[in-house]
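Please open the model in a viewer and keep the selection tool ready. The stops below may be taken in order.

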Amino acid sequence: MFRRVFLALSIAALSAVTISTATAAAPQLGLGESAPATVLYGTPATVTLTAANTTSSPATPIYNVSFVDILPLGVSYVAGTSSLSNSGVASSVGDPTILAGEPSVGKTTLIWSNVGDLQPSSTQALSFQLQGQTDTGTHLGPNPVLPGSSYTDTSSVYANTDPRYVPQFNSVTGAPISGATSYTSSDSSTGTTQITPLKVAVTEPSPEGELPRGVHDHHVTYTVTATNNAVHATNTVSATVYLPAALEFLGCGDTDNTTNASGTNPGSTQEYPGSGSMIKAAASNCPTPTSVTTVTNPTTAAGSVLSGVYTQVSWTLTNLAASGVDTFNFVAAVPLRSNTATWSGVTPTAASLHQGANLDNNSGAETFDSESITTIADATGTYSGTLGAGSNPIAAEGTNTTEAIDLAVQKSSSTSTFSAGTIATFSLHYQTSEYRYSTATSLTDHVPSGMCPVGALPTSVYSDS
């Protein structure tokens, strides 16, 4: 059942005044760095430095915030990529002062001076891009940061509690100049990024990551995307996906290999009496895998050791040129009971592909509402360039976590920007799984202060499917 609901929806206290004579607390300025764990060879990495004013008792503004980032050998700043966000409000900021060869040979110091102020309990985030040198192509340099290796940048932030003073830095070395007329508070952080020749991602479109249970009514199309680096080709690429026991691999959605659903409906090809087959219209861009097999406690090509029963599905992809991308789909759903390594009849071979879309081994524990389901995708291939560490074949890994549900409500709006005097239509999407029903259901939406429902209450339109 699917239901969509549209909703067009002083007391004065006197107290004695106490004047505090306590000494003001030392300024508290914190810095956190967010750098990508991995970045494709030849492509930039986006780094975000977030400064926070955490002063309390009493809360104190901090002024003239200045950021510094020190880059290692072989890494440079990408011009024109700096942006600033102050407690979520974006503003423009120019490129930093760049001091090559500082604070030592091979390093580079970046300085963004006096980019703004920090009120108590506020944050300021500076984002910019870094680019590693490559052994050929657009970013060719004498000190390439090759795939398999990593780099670490060191960031810091400085500010003053006195608005008259801006943090000062040595014009040659970039080193901060100490003293109350320069800065009164600082903090530092680091970020490390691994260079990879290949990336893979597995995604699915369920709203809010909530997947209703049901292998007949709630097929979902997963997408696997393998992306090659921007410098050298990767050949003989293949992909493998590991689906946990609570997720049934359905191929392209147009097949059902069940012969005896002994775990839920013994002697029948149907999951439960009257369920019918799992066959639906075939998904597009859905290639035939090379093998489908049920495995226990597998180790992925990237080295992750998994625990439990998984359906392991493999595909052969194309050779990927520099910046090449290969994307394909497959279909899956949450069954009534989990997969096991025990089959009700003869175990189908991996090459037959009949271990997929097959409920003959679904005799495990019943899947349940709010069960977390993590799917793992691997991509492997032969990298044609030079590796800084590791060897061929190379491997990449991506994961996707979704939640099995029996009852879900998702809320959406007709606009992402709400301006005074305008109308926004909010939608509540109410959904039940194939294996549960809901009676006497009521939905409540709390409208925040400053927003008023429009029209008669309630105003609703229901759509069932």
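Select Arg164 to begin: at 64% relative accessibility, this residue counts as exposed, where exposed means over 50% relative accessible area, buried under 20% and partly exposed in between (1.4 Å probe, protein chains only).

The model is predicted, so local features need pLDDT of at least 70 and side-chain atom pairs count only at pLDDT 80 or more, while totals for chains, interfaces and linings use all residues. Residues are numbered from 1 along each chain as its sequence is written, and side-chain values use heavy atoms, with hydrogens and water left out.

**The salt-bridge network**

How many salt bridges does a search of the whole structure find? The search finds four. Select next Arg213, Glu366, Asp406 and Arg436, which are linked in a network of salt bridges. Begin with Glu366 and Arg213, whose closest N and O atoms are 3.6 Å apart. Glu366 lies in the loop between strand 21 and strand 22 (371-383), and Arg213 in the loop between strand 15 (210-212) and strand 16 (220-228), so this pair ties together parts that are 153 residues apart in sequence. Strands here are DSSP runs (E, at least two residues), numbered from the N terminus. Arg213 is buried at 0% relative accessibility, whereas Glu366 is partly exposed at 34%.

Keep Glu366 selected and move to Arg436: the two form a salt bridge in which the closest N and O atoms are 3.3 Å apart. This pair also links distant parts of the chain, 70 residues apart, with Arg436 in the segment after strand 25 (426-432). Arg436 is partly exposed, with a relative accessible area of 42%.

**A charge over a ring**

Select Lys411 and Phe426. The charged end of Lys411 sits over the ring of Phe426, 5.0 Å from the ring centre; the criterion is NZ of Lys or CZ of Arg within 6 Å of the centre and within 35 degrees of the ring normal.

**The aromatic cluster**

Rings of Phe, Tyr and Trp (its six-membered ring) pair if their centres lie within 6.5 Å; planes under 30 degrees apart count as stacked, over 60 as edge-to-face and the rest as tilted. By this rule the count comes to 11 aromatic pairs. Select Phe249 and Trp315, an edge-to-face pair at 6.2 Å centre to centre with 75 degrees between the planes. The pair links strand 18 (residues 248-249), which holds Phe249, to strand 20 (residues 309-316), which holds Trp315, across 66 residues. Both are buried: Phe249 has a relative accessible area of 4%, and Trp315 one of 2%.

Which arrangement do Phe249 and Phe330 form? Their pair is tilted, at 5.8 Å centre to centre and 45 degrees between the planes. Because Phe249 lies in strand 18 and Phe330 in strand 21 (residues 325-333), the pair ties together parts that are 81 residues apart in sequence. Phe330 is buried, at 1% relative accessible area. To show the whole cluster, select Tyr222, Phe249, Trp315, Phe328 and Phe330.

**The cavities**

A cavity is a set of points, on a 1 Å grid over the protein atoms alone, where a 1.4 Å probe fits but cannot get out; lining residues have an atom within 4 Å of a point. Its volume is the space filled by probe spheres set on the points, which are joined across faces, edges and corners.

Return to Phe249, one of the residues lining the second largest cavity, together with others including Leu247, Glu248, Thr294 and Asn361. This cavity has a volume of about 30 Å³.

For the last stop, select Gly42, Thr43, Gln131, Gly132 and Ile195, which lie nearest the centre of the largest cavity among its 14 lining residues. The volume of the largest cavity is about 70 Å³. Strand 11 gives three residues, the largest share of this lining.

Definitions and conventions
On a 1 Å grid over the protein atoms alone, a cavity is a set of points where a 1.4 Å probe fits but cannot get out, and a pocket is an open set with protein on both sides within 12 Å along at least five of seven lines; lining residues have an atom within 4 Å of a point. Helices (H or I, at least four residues) and strands (E, at least two) are DSSP runs, numbered from the N terminus. A salt bridge is a side-chain nitrogen of Lys or Arg within 4 Å of a carboxyl oxygen of Asp or Glu.
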